[in-house]
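Please examine the protein shown below. A short report on its fold accompanies it.

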Amino acid sequence: MSKQILAGNWKMNLDYAEAKKLVQDLLKLKDKFNKDAEVVICPSPVYIAVFAEILAKEKWIKLGAQNCYFADNGAYTGEVSPVQLKSLEVDYCIVGHSERRDFFNEDYALLAKKTKALLNHGITPIFCCGEQLQVRESNVYREFVMKQIEEALFSLSAEEISKVVIAYEPVWAIGTGKTATAEQAQEIHALIRARVTAKFGEKVGKEISIIYGGSCKPENAKELFAQNDINGGLIGGASLVAKDFCEISNSF
Ligand code: PEP
């Protein structure tokens, strides 16, 4: 069975005091969070070391990074490696968010390398895919998303891909307040699962977690998470408000 996952992508938001306060607010809500869902926060990388210490005794919140490079170490100014993340007990890392694809030109080949490097170091990649508005409107969005998955993930082994979390994030729904309907999201999630099953087998298809992202909030999470192939959410804006993030965790 797929694991239920709720990951908060804080992006480049919050100064240090605000970010620490958000962690404290989340910790105060511990008893109210859904115990059956894996809760992950992905703060700015400059806060990860301190948060790793704060969360060392609070194993119920996992730490995630928003990005990494694929090399273990070396002359890559400004980058962060999976080895460094692992040394801070980071469990998850987002790969190929549409903002990285659009603003930093990340392509399939790079994303495939990052995904592989994370898996080599025992960090779970949260691999993002999703179409822009013009692709959705031109009606080739299904093929478009399948290509994103195939190009970046299909050279992995069955064992490797079963450890990847796939996040379907229609770009037109990210930060726009415009959510995909539950039916629109389910259609793509089911296609992704079917494609993964066809390539890697029943067991992998059943076990892989496919989460939804794009203006997911307390008001729409229940309907989205009730869909057969939606195993949770990658949450941007709403993850910056502790009580909203907590409420979303109880929407499974
Ligand atoms: C995201 O950027 O991953 C995201 C889903 O953002 P939002 O929830 O704000 O649309």
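The report moves from the whole chain to selected elements.

## Basis of the report

The structure is a predicted model, in which local features need pLDDT of at least 70 and side-chain atom pairs count only at pLDDT 80 or more, while totals for chains, interfaces and linings use all residues. Residues are numbered from 1 along each chain as its sequence is written, and side-chain values use heavy atoms, with hydrogens and water left out.

## Overall form

The protein contains twelve helices and eight strands; these are DSSP runs numbered from the N terminus, with helices (H or I) of at least four residues and strands (E) of at least two. Its radius of gyration is 17 Å, close to the 18 Å that the globule rule gives for 252 residues, so the protein is as compact as a globular protein of that length. The radius is taken over C-alpha atoms, and the rule is 2.2 Å times the number of residues to the power 0.38. The C-alpha trace spans about 45 × 45 × 35 Å along its principal axes.

Of the 252 residues, 53% are buried. Buried means under 20% relative accessible area, exposed over 50%, and partly exposed in between, with a 1.4 Å probe and protein chains only. Among contacts (heavy atoms within 4.5 Å) between residues at least 6 apart in sequence, 71% join residues at least 24 apart.

Strand β6 comprises residues 165–168 and is covered on both faces. Val165 and Ala167 are buried on one side, and Ile166 and Tyr168 are buried on the other. In a regular strand the side chains alternate between the two faces of the sheet.

Two strands pair if DSSP finds at least two bridges between them. Strand β5 (residues 124–129) runs parallel to β6 and is joined to it by four bridges, with Cys129 opposite Tyr168. Four bridges also link β6 in the parallel sense to strand β7 (residues 209–212), where Ser209 stands opposite Val165.

## Helices α12 and α11

Helix α12 (residues 242–249) has six of its eight residues buried, so it is largely enclosed by the rest of the structure. The buried residues are Ala242, Asp244, Phe245, Cys246, Ile248 and Ser249. Their cover includes β1 (5–9), α1 (16–28), β2 (38–42), α11 (218–225) and β8 (232–235).

Glu223 lies in helix α11 and counts as partly exposed at 48% relative accessibility. Leaving aside neighbours within four places in sequence, Glu223 is in contact with Ala182 and Glu183. The C-alpha atoms of Glu223 and Ser249 are separated by 13 Å, and the two residues are 26 residues apart along the chain.
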